[in-house]
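Student: Can you walk me through the charged pairs and the interfaces in this one? Keep it quick.

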Amino acid sequence: MKLSTILATGITLSCLSVNALALTIGFAQVGSESGWRTSFSESVKAEAKKRGIDLKFSDAQQKQENQIKAVRSFIAQGVDAIIIAPVVETGWKPVLREAKRARIPVVIVDRNIQVGDDSLFVTRIASDFSEEGRKAAQWLMDTTQGNCKIVELQGTVGATAAIDRAQGFNDVIGKYPNANIVRSQTGEFTRTKGKEVMESILKAENGGKGVCALWAHNDEMALGGIQAIKEAGLKPGSDILVVSVDGVPDYFKAMADGDANATVELSPHLGGPAFDVIEKYLGGDKNIPKLISTTGDLFTQDTAAAEYQKRRLQ
Amino acid sequence: MSQQPQSLSIVNKVDSPADEALIAARKARYSPGKSTNALGRYLWPVSALVLLLLVNLFMDASFFSISYQDGRLYGSLIDILNRSAPVALLAIGMSVVIATGGIDLSVGAVMAIAGAVCAGMLVGGNYSLFTVICAGLTVGIVAGLVNGGLVSFLGIQPIVATLLLMVAGRGVAQLINQGQIVTFQSDAFAFIGIGAFLGLPFPVWLVLITLLLSQLLLRRTALGLFIEAVGCNASASRYLGINDKGVKLFVYGLTGFCAAIAGMIATADIQGADGNNTGLWLELDAILAVVIGGAALSGGRFSLVLSVVGALIIQTLSTTIILSGLPAKFNLLIKASVVLIVLLLQSDVFRQHAQSVLKGLKGGKA
């Protein structure tokens with residue numbers, strides 16, 4: 001009696017899900033290591049809800065093996081498409097092959113991957129990280145007339161954002177003979193590490209005297225760095241300029257308070273474009289470029305207060 | 001050596017054989033924290049620390065300069081003390097848990113929960129600082145007691161029982177603040193992380209106070225002895241009348257308490273609670289600190305002071321790497337190599353081998 005009830009319920013449920021015909025999309029997110037990442041996740045979830053997509057969300061806690069497991073489980077569940085925001089660039093080939101064999105299209109968002117075989121994924125939707133680095137460097141060079149001793153807080157070693165932002169930044173300052181990076185260490189994209197590393201860097205650089213700017217690969221590390229600069233008795237924003245990438249609300253507040261100088265916004269609204277591409281692809285249109293690129297604008301202290309009010313309310 | 005007490009007691013002109021036995025027993029009595037080769041136990045961890053500091057001396061002598069500004073001491077050495085505080089606190093709790101033959105993998109997650117609770121209360125309501133701190137500590141102790149209950153009363157393997165909270169705890173921390181990094185403006189609470197008292201950063205004081213109180217509690221009462229007895233042989237100690245379940249419950253509670261303080265330091269330091277990153281992987285650093293301090297993971301003997309030295313070694317290493325200016329990609333490799341060397345130096349077997357190899361070399365030359 002019980003068994004038949006369970007069976008009946010099961011059949012009804014499966015019928016329902018077939019009847020609904022909603023897209024089921026698996027999303028393997030990095031984690032929620034920063035404010036930006038959280039708004040990215042929230043934006044994707046909201047967009048999915050708006051479109052009636054059944055989103056299977058997986059938080060990998062910054063570990064690739066968790067992401068690979070999540071992707072495998074998406075394949076086992078037979079989702080219609082998979083979105084991956086990869087933690088690191090390498091090691092994706094086997095699992096993407098499995099997805100291809102199961103005929104599940106994969107869209108890469110945010111960071112890059114290296115697989116050698118472009119047919120393993122539909123497209124990659126991302127900000128152009130090196131362009132962000134170039135924008136940040138150009139602003140700094142314009143502000144300091146190319147005379148600057150810079151300390152750098154790198155992102156997680158091996159992450160695309162860290163590699164490309166550093167590349168773009170270095171390309172620009174390479175043209176200015178009086179500008180150079182004197183210290184560079186990883187702050188692992190977090191506020192705690194950013195603060196700890198900045199503390200030590202300031203001590204190694206004679207208490208921060210002569211350092212003209214802090215260039216951080218994301219806002220969280222910059223915010224940690226700002227605290228370290230303050231505790232060292234210097235004034236962030238004037239004694240040491242602070243420039244970074246992301247555009248999280250807290251950083252706009254720091255800019256409005258005069259503690260930070262500039263940030264290149266990294267749009268967290270990657271969900272919409274990703275779902276567009278997937279719907280187009282599943283609709284039969286296979287003619288999709290392999291890289292869809294978005295780059296945000298550079299914001300400075302002038303508009304920071306207004307932007308902070310706008311973003312805080314979101 | 002075994003003849004020594006007897007001859008002594010004869011000199012003391014003991015009347016009855018019963019007294020003689022008593023004095024012999026007193027002589028042979030286990031004196032907590034003062035084992036026969038105490039010097040050997042302290043020698044290697046402390047010399048590893050000194051060696052690391054010497055490396056810095058040769059790299060850049062300004063490493064040792066300490067100045068006084070804004071009412072606090074300022075310098076790399078102070079930074080090391082300050083930055084090692086969370087791991088040192090975790091290591092104090094961890095060494096006691098490890099002494100009972102257990103392990104606590106959840107301390108990093110408990111830090112995140114305590115931090116999230118405090119930040120949530122500071123932002124969400126009008127609570128007094130005292131209430132906020134008490135709430136943070138209570139959460140830590142409760143989390144620890146949950147672990148302790150699972151281990152002692154339900155008999156679950158410590159590594160499994162605490163793994164549950166290690167995984168779930170971060171989820172709880174994120175739930176408390178809806179997955180956001182909550183930042184707060186409270187100078188009073190921030191003092192826990194960035195304040196200074198008598199020139200030293202406040203976290204350092206918290207470590208000293210916790211170390212002192214734990215040392216008094218464990219070494220001036222029989223509790224430390226009970227813990228070591230349970231770690232050596234839980235059933236034997238039960239037959240001796242030690243409440244081994246109670247002891248285990250207590251040590252996990254203590255670890256939770258230490259983790260809560262560490263979590264509040266980390267949260268106050270950046271004036272924000274980050275459920276995902278507060279205390280991430282610090283449980284491993286804490287275990288490493290205990291091991292560097294010379295404790296065996298199989299349980300038994302422990303030393304709180306040596307565990308704190310272990311935490312200092314780890315932090316000195318991290319700071320040295322940052323100061324050295326080496327590319328970031330070498331960080332983990334250097335850390336692992338140095339830890340390996342420290343552990344090898346502590347291994348009797350390795351030292352004996354090394355000695356015989358050296359002797360062999362000398363002999364070969366001669």
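Tutor: First, a definition: buried means under 20% relative accessible area, exposed means over 50%, and partly exposed is in between, with a 1.4 Å probe and protein chains only. By that scale Arg72(A) counts as partly exposed, because its relative accessibility is 39%.

Student: What kind of model is this, and what are the ground rules?
Tutor: This is a predicted model: local features need pLDDT of at least 70, side-chain atom pairs count only at pLDDT 80 or more, and totals for chains, interfaces and linings use all residues. Residues are numbered from 1 along each chain as its sequence is written, chains are lettered from A and ligands numbered from 1 in the order in which they are written, and side-chain values use heavy atoms, with hydrogens and water left out.

Student: How many salt bridges over all chains?
Tutor: The count is 27. The rule is a side-chain nitrogen of Lys or Arg within 4 Å of a carboxyl oxygen of Asp or Glu. In general, side chains of opposite charge can pair when their charged atoms come close.

Student: Back to Arg72(A). Which side chain does it meet in a salt bridge?
Tutor: Glu98(A), at 2.8 Å from N to O. The pair links distant parts of the chain, 26 residues apart. Arg72(A) is in helix H3 (residues 64–77) of chain A, and Glu98(A) is in helix H4 (residues 93–101) of chain A. Helices here are DSSP runs of H or I, at least four residues, and strands are runs of E, at least two, numbered from the N terminus.

Student: And Glu98(A): what is its relative accessibility?
Tutor: It is 25%, so Glu98(A) counts as partly exposed.

Student: Which residue does Arg134(A) form a salt bridge with?
Tutor: Glu131(A), with the closest N and O atoms 3.2 Å apart. Both sit in helix H5 (residues 129–144) of chain A, and because they are 3 residues apart there, about one helical turn separates them. Arg134(A) has 27% relative accessibility, so it counts as partly exposed. Glu131(A) has 26%, so it too counts as partly exposed.

Student: What about Lys195(A), buried or exposed?
Tutor: Lys195(A) counts as buried, because its relative accessibility is 0%. Its salt bridge is with Glu231(A), the closest N and O atoms being 2.9 Å apart. That pair also links distant parts of the chain: Glu231(A) is in helix H8 (residues 219–231) of chain A, Lys195(A) is in helix H7 (residues 191–204) of chain A, and they are 36 residues apart. Glu231(A) is at 25% relative accessibility, so it counts as partly exposed.

Student: Which residues are linked in a network of salt bridges?
Tutor: Glu47(A), Lys50(A), Arg51(A), Asp276(A) and Glu279(A) are linked that way.

Student: New topic. How many residues are in contact between chain B and chain A?
Tutor: 34 residues of chain B are in contact with 33 residues of chain A. Contact means heavy atoms within 4.5 Å. The area buried between them is about 2800 Å², and carbon and sulfur atoms give 45% of it. Tyr74(B), Ile270(B) and Ile322(B) supply 22% of what chain B buries against chain A, more than any other three residues. Buried area is the accessible area (1.4 Å probe) that two parts lose on being put together, summed over both.

Student: How many salt bridges between chain B and chain A?
Tutor: The count is 3. One salt bridge joins Arg83(B) and Glu199(A), with the closest N and O atoms 2.6 Å apart. Helices H4 (76–83), H8 (158–176), H13 (244–270) and H15 (304–324) of chain B each supply at least two residues of the side that touches chain A. H15(B) gives the largest share, 7 residues.

Student: Now chain A itself. How is it divided?
Tutor: Into domain 1 (2–127 + 268–294) and domain 2 (129–267 + 299–312). Those bounds come from an automatic or database domain assignment. The C-alpha centres of the two domains lie 32 Å apart.

Student: How much area do domain 1 and domain 2 of chain A bury between them?
Tutor: About 1100 Å², with 56% of it on carbon and sulfur atoms. On the domain 1 side, Trp36(A), Arg111(A) and Ser127(A) lose the most area to domain 2, together 45% of what that side buries.

Student: What is the salt bridge count between those two domains?
Tutor: It is 0.
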